[in-house]
Amino acid sequence: MTYDERRPPGLPRAGVDCVWSRTGGGEQVRVLPDACADVLWHRETGTLRLAGPDTTAQLTTSEPGTLVGIRFPTLHGPLGLPASAVRDARVPLADVWTPHRAKALADRLARTPDTRAAQLLLLAEFESTPDPLATALRALARRTGAVAEMAADLGYSPRQLRRHAHTTFGYGPKTLHRVLRFTAALDRARAGVPLAEVAQVTGYTDQAHLAKDVRALAGTTLTSLLRGGGRSGGAGAGSPG
């Protein structure tokens, strides 16, 4: 299986994290939570699906062929859909978006000559203005899971902040912090940083706390993930479920 991820210039302004493609299929993939959502198009079947934000890892068997995706750091802006409605879910895009728009997009994607053209079409279709509050909340959640502290910094009540987080990210600020902390720790560990140092700089109590949280979120050990046992977001998504 080959996997390619791109972050073209200007993506932060477009409210998009990245575009990506996967070619191969038939392999079992562990899809890791990453506080993002993906729209997925499968070239061979022509299907368009939405992979919602995950709270834990999902094991799936990838479909043979080419999968093209666009990843959003928040979901409400690009699709006008509360992210909590598709938390931990894989659903046909037409079920949660305007059906005729989904069909028209699938038809246009089918006419693209290659993967790069399909990625550019997805970028053009889903360009949106980033939500300043969501951007600020994500930045705060990278360093703390204290809801009262985040709410005070942003000028909201804790209840208002939780409601906005569920709409934008699919879950509350504490879960957002936990997922982002896990992602940051995994990135550092994959870069070769010693695990004791990873735990310290990413906010875990100690290495045992890191190991426990990784197993809870990823369903496996950090050692297994470092051997290649996991993929972020919807990149390994197979059949909807």
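## Cavity lining

Ala 35, Cys 36, Ala 37, Pro 53, Phe 72, Pro 73, Thr 74, Leu 75, Ala 83, Thr 168 and Phe 169 line the largest cavity of this predicted model. A cavity is a set of points, on a 1 Å grid over the protein atoms alone, where a 1.4 Å probe fits but cannot get out, and lining residues have an atom within 4 Å of a point. The lining comprises nine nonpolar, two polar and no charged residues; Ala, Val, Leu, Ile, Met, Phe, Trp, Tyr, Cys and Pro count as nonpolar, Asp, Glu, Lys and Arg as charged, and the others, Gly among them, as polar.

The structure holds one cavity of 30 Å³ or more. The volume of the largest cavity is about 40 Å³, taken as the space filled by probe spheres set on the points, which are joined across faces, edges and corners.

## Positive phi values

Ala 35, one of the lining residues, has a positive phi near 60° although it is not a glycine. Ala 35 sits in the loop between β3 (28–32) and β4 (37–42) and is buried, at a relative accessible area of 2% (buried: under 20%; exposed: over 50%; partly exposed: in between; 1.4 Å probe, protein chains only).

Asp 88, also not a glycine, has a positive phi of about 60°. Asp 88 lies in the loop between α2 (76–79) and β8 (90–92) and is partly exposed, with a relative accessible area of 30%. Helices (H or I, at least four residues) and strands (E, at least two) are DSSP runs, numbered from the N terminus.

## Basis of the values

Residues are numbered from 1 along each chain as its sequence is written, and side-chain values use heavy atoms, with hydrogens and water left out. In this predicted model, local features need pLDDT of at least 70 and side-chain atom pairs count only at pLDDT 80 or more, whereas totals for chains, interfaces and linings use all residues.

Conventions:
1 Å grid on protein atoms, 1.4 Å probe; cavity = no way out; pocket = protein on both sides within 12 Å on 5 of 7 lines; lining within 4 Å.
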